[in-house]
Amino acid sequence: SRTGYLVRDRIGVKPIYYRIDGGDLIFASELKAFQSTRLPLTPDPQAMLDFLQYSFIPAPQTPFTEVRKLLPGHYLEFDQKGVRVRQYWDPAPPNPSTSWDEAVAREEFHHLLSDSIRIQLRSEVPLGLFLSGGIDSSMLALSMDRDAAHASKSFTVQYKGEQYDANRYAQTVADGLGFDHHLATIGVEDVFRELPRIVWHLDEPHGDSADVGVHFVSMLAAESVKVVLNGAGGDELFAGYHRHRIHALKRVVHALPSGLKSSFRAAAEALGIPEATIFRFQRNSDEDRSFLWALYAFPPHRLDGFFQGRPGTASDKILSDYYHGYAGDIVNKRLFADLKFYLTDNILLALDKLTMGCSIEGRVTLLDHRLVEFAFRIPGEFKSPQGSMKGLLKRWLKGTLPDEI
């Protein structure tokens with residue numbers, strides 16, 4: 001029999017939308033394409049609720065009930081008998097029986113990183129780097145400087161009036177490594193001018209303020225290169241977000257007896273404690289909730305009945321399934337949920353659409369699947385010692401980058 005396959009890459013760097021209409025399979029990399037079919041498209045209230053909860057729409061949902069996103073590491077098989085979706089890849093959890101040797105791991109990491117950069121520097125057109133001055137992009141700059149003399153342009157963006165001068169760090173790295181550094185400085189008027197174009201290219205509701213920076217730095221890069229490397233994925237692999245930290249105060253709340261925590265709300269309301277304080281306690285009442293709720297723009301109960309006349313409740317099922325379905329330690333559970341949920345549906349979706357919208361290709365060097373598999377073999381206690389953000393990675397890079405970086 002004749003069989004076809006529609007396959008999405010392991011990490012979800014590129015999007016695939018599809019629709020099954022009777023015996024027809026329609027697929028595309030943009031939602032706009034489905035308008036040209038003239039088939040009806042029905043807004044999905046559940047997807048809209050989930051957008052309000054997370055600021056992006058988690059896969060496999062889209063804004064329309066008829067169209068789905070193919071999940072990363074999955075393929076769609078179709079023939080005369082119908083359509084089947086199957087998974088072909090996932091990073092395995094650390095093996096508890098394997099001893100941890102940091103020196104060996106560090107050597108393997110640098111080998112894999114160098115090889116990933118070597119592969120991704122293949123280009124017949126001018127190539128550069130999005131350089132934020134942070135750990136991930138600075139690490140790439142260091143490796144690129146050693147491996148490719150032609151990849152010498154770097155790009156960053158800063159906002160008028162912003163107290164934190166990100167370009168100071170990017171310029172430090174660029175000057176130290178001899179990059180030809182380019183800066184875009186944008187103001188509110190620039191954002192409003194470009195906002196319709198940003199929305200057009202994003203193709204679906206997306207509420208991350210970083211979208212603005214990605215668009216402007218892509219426009220800047222497009223003036224001189226066609227391919228850009230960037231450091232996306234480092235936070236998800238090596239615990240770089242504030243939500244990965246467990247503060248001392250949170251540990252105290254987590255350790256309280258469950259009976260005491262369950263009676264807290266009634267007592268707090270009786271004492272006139274502000275709602276915001278009560279909510280902050282509830283969202284950190286246990287270790288799992290501290291992490292999961294850190295990803296909410298609005299908690300689910302705030303969105304009950306949001307669409308008048310339509311039943312529906314915002315759901316954390318997709319995120320929760322990733323988090324609770326992973327067999328690794330607590331740190332790697334968080335990172336796995338970030339990788340499969342936040343990275344794919346928020347960061348990579350915007351990166352792909354906004355770079356391509358400026359006619360450049362964004363390459364995610366840290367998301368070579370071998371690097372991802374390696375990162376998930378590292379036990380969480382070593383990856384994030386004492387709850388530090390990127391503690392292990394910073395230790396490995398000490399002495400190779402300026403201390404202020």
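The residues lining the largest pocket divide into 20 nonpolar, 16 polar and ten charged, where Ala, Val, Leu, Ile, Met, Phe, Trp, Tyr, Cys and Pro count as nonpolar, Asp, Glu, Lys and Arg as charged, and the others, Gly among them, as polar. This is a predicted model, in which local features need pLDDT of at least 70 and side-chain atom pairs count only at pLDDT 80 or more, while totals for chains, interfaces and linings use all residues. Residues are numbered from 1 along each chain as its sequence is written, and side-chain values use heavy atoms, with hydrogens and water left out.

**Pockets**

- The largest pocket holds about 1,400 Å³ of space; a pocket is an open set of points on a 1 Å grid over the protein atoms alone, with protein on both sides within 12 Å along at least five of seven lines.
- A volume is the space filled by probe spheres set on the points, which are joined across faces, edges and corners.
- Its lining has 46 residues, and S132, D136, A210, V214 and D235 lie nearest the centre of the largest pocket; a lining residue has an atom within 4 Å of a point.
- At least two lining residues of the largest pocket come from each of α4 (135-147), β8 (153-159), α5 (166-177), α7 (210-222), α8 (234-238) and α15 (330-357); helices (H or I, at least four residues) and strands (E, at least two) are DSSP runs numbered from the N terminus.
- The second largest pocket has about 380 Å³ of space, and of its 19 lining residues T98, S99, W100, R377 and P379 lie nearest the centre.
- Helix α3 (residues 102-120) supplies the largest share of the lining of the second largest pocket, three residues.
- By class, the lining of the second largest pocket has eleven nonpolar, four polar and four charged residues.

**Cavities**

- The whole structure contains two cavities of 30 Å³ or more; a cavity is a set of grid points where a 1.4 Å probe fits but cannot get out.
- The largest cavity has a volume of about 70 Å³, and the residues lining the largest cavity include R8, Y17, K69, E204 and D345.
- Helix α15 gives the most to the lining of the largest cavity, four residues, and that lining divides into five nonpolar, two polar and five charged residues.
- The second largest cavity has about 50 Å³ of space and is lined by V13, K14, L348, L351, D352, T355, G362 and V364.
- Two or more residues in the lining of the second largest cavity come from each of α15 and β11 (361-364), and α15 gives the most, with four.

**Helix packing**

- Helices α7 and α15 pack at an angle of about 30° with their axes 9 Å apart; axes are lines fitted to C-alpha atoms over the stretch in contact, and angles run from 0 to 180 degrees between N-to-C directions.
- D211, V214, H215 and S218 in α7 meet A350, L351, L354 and T355 in α15, contact meaning heavy atoms within 4.5 Å.
- This contact of α7 with α15 has four nonpolar, three polar and one charged residues.

**Sheet**

- Three strands form an open sheet in the order β3-β2-β4, with antiparallel pairing; two strands pair if DSSP finds at least two bridges between them.
- The edge strands β3 and β4 (68-69) each pair on one side only.
- Strands β2 (residues 17-21) and β3 (residues 24-28) are joined by five bridges; R19 stands opposite I26 in β3, and I20 has L25 as its bridge partner.
- Two residues separate β2 from β3 in a hairpin, and G22 in the turn has a positive phi of about 65°.
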